[in-house]
Amino acid sequence: MIMMHGQALIDRLGDRLAGLRGRLTPNAEMDKITWFRAGGLAEVLFQPADEEDLAAFLKAVPEEIPLTIVGVGSNLLVRDGGIAGFVVRLSAKGFGEAEIVSPTTIKAGAATPDKRVAAVALEAGIGGFHFYHGIPGAVGGALRMNAGANGVETRERVVEVRALDRGGNVQTLSNADMGYAYRHSAAPSGLIFTSALFEGFAEDKTAIKAAMDAVQNHRETVQPIREKTGGSTFKNPEGTSAWKEIDKAGCRGLMIGGAQMSPMHCNFMINTGTATGYDLEYLGETVRTRVLENAGIRLQWEIKRIGNFRPGHAVQEFLGQLL
Ligand SMILES: Cc1cc2nc3c(=O)[nH]c(=O)nc-3n(C[C@H](O)[C@H](O)[C@H](O)COP(=O)(O)OP(=O)(O)OC[C@H]3O[C@@H](n4cnc5c(N)ncnc54)[C@H](O)[C@@H]3O)c2cc1C
């Protein structure tokens, strides 16, 4: 495991961090909090107590120190060399509330699980949130990724997003400001979303419940949801599905080290037990290379890869082949 100097970073900032109420963890093991259960250490993990605490932290940390925001890690591949600087993860206690604010709108903190948003919507008879029942992330990740399933995307439900910028100032973004596209938001990358207002529509509770059950039943049968995975590895290219191209290129079940393209759903990459971040990324780039050779399609990663490579273990895009 790579050495990190998290305590030295905390010591260097000294009094600046003294008043914070959240938890600072030096050399935090990211493999404990990502769905892949792989990857290196965060130099320092900060879990703010609430939005005020997060603002104080952002004001206290000099701009030149890198800062990475993570959610519950269901779409993250952390590289084995770890993440320099601070990793911020919002705590469920300070950011995990979801409440009904009108007959069709819900306000949810960024650490609220998507499933909880779906459950709150069901209780209130608000339709349009059943798709969240099947997505294992939290609201912050859904806002950043424009998470979607079953023909619905986050962008269809977002009214307004509250965020803090790198200086700790509150920003309010409209749906248009979020710059949504397929699994993408063009909102400035330094923003930390803290809550959002969502709008659905009045719907019969029985119908909502049936839609949620259908979402879950479908997933149980077609996705390896009990595995250590990051969900869909690649975005669907124009006019085709990533899994079809992966299958056609002969990569269903392909293994590198402990990483495998799931035999059940071949756009899902899984950690079979011993995969490192290197194994997972190397497997992903191998698949990209084979699909490019086979069909001339350049698959784009949907999974976010963060952190540094372990020295001597860099993985190049398309394995460095000029195709
Ligand atoms: C079994 C399985 C099934 C899945 N199915 C789907 C699916 O059907 N549809 C789908 O869209 N996704 C799916 N995913 C992927 C994943 O659940 C979503 O992308 C989810 O929205 C990620 O949320 P998260 O909290 O885990 O974010 P993370 O994975 O921790 O982070 C993802 C990105 O969001 C950013 N981010 C997180 N929180 C914040 C915040 N507060 N402010 C700013 N940026 C933030 C991070 O910086 C990172 O860039 C699946 C994953 C798994 C493991």
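In the legends below, helices are DSSP runs of H or I with at least four residues, strands are DSSP runs of E with at least two, and both are numbered from the N terminus. These views show a predicted model, in which local features need pLDDT of at least 70 and side-chain atom pairs count only at pLDDT 80 or more, while totals for chains, interfaces and linings use all residues. Residues are numbered from 1 along each chain as its sequence is written, and side-chain values use heavy atoms, with hydrogens and water left out.

**View 1. The domains and the annotated segment.** An automatic or database domain assignment sets the bounds used here: domain 1 (6–93), domain 2 (95–208) and domain 3 (226–320). A UniProt annotation from an unreviewed entry, "domain: FAD-binding PCMH-type", covers residues 37–218. UniProt positions follow the numbering used here, feature names are shortened, and annotations may be inferred rather than shown by experiment. Over residues 37–218 the chain is 25% helix and 35% strand, with the end C-alpha atoms 25 Å apart.

**View 2. Where domain 2 meets domain 3.** The C-alpha centres of these two domains lie 28 Å apart. Their contact (heavy atoms within 4.5 Å) takes 4 residues from domain 2 and 4 residues from domain 3. Between them, domain 2 and domain 3 bury about 420 Å², 54% of it on carbon and sulfur atoms. Of the area that domain 2 buries against domain 3, Met145, Tyr182 and Arg183 supply 90%, more than any other three residues. Buried area here is the accessible area (1.4 Å probe) that two parts lose on being put together, summed over both.

**View 3. The annotated active site.** In the unreviewed UniProt entry, the annotation "active site" covers Arg183, Ser232 and Glu302. These residues span 120 residues in sequence, yet no two of their C-alpha atoms are more than 10.8 Å apart, so they gather at one spot. Ser232 belongs to strand β17 (residues 228–232) and is partly exposed, at 24% relative accessible area. Relative accessible area (1.4 Å probe, protein chains only) under 20% means buried, over 50% exposed, and in between partly exposed. Leaving aside residues up to four places away in sequence, Ser232 touches Asn267, Phe268, Glu302 and Ile303. Glu302 sits in the loop between α8 (277–295) and β21 (304–306) and is buried, at 11%. With the sequence neighbours up to four places away again left out, the residues that Glu302 touches include Met145, Tyr182, Arg183 and Ser232.

**View 4. Aromatic pairs.** Rings of Phe, Tyr and Trp (its six-membered ring) pair if their centres lie within 6.5 Å; planes under 30 degrees apart count as stacked, over 60 as edge-to-face and the rest as tilted. The structure holds 8 such pairs. One of them is edge-to-face: Phe57 and Phe86, 5.1 Å centre to centre with 85° between the planes. Phe57 lies in helix α2 (residues 51–60) and Phe86 in strand β5 (residues 83–89), so this pair ties together parts 29 residues apart in sequence. Phe57 is buried at 0% relative accessible area, and Phe86 counts as buried at 0%. Phe129 and Tyr132 form a tilted pair, 6.4 Å centre to centre with 40° between the planes. Phe129 is buried at 1%, and Tyr132 is buried at 0%. Ring pairs join Phe129, Phe131, Tyr132 and Phe198 into a cluster.

**View 5. Charges over the ring of Phe318****.** A charge sits over a ring if NZ of Lys or CZ of Arg is within 6 Å of the ring centre and within 35 degrees of the ring normal. The charged end of Arg288 sits over the Phe318 ring, 4.1 Å from its centre. The charged end of Arg298 sits over the Phe318 ring too, 5.0 Å from its centre.
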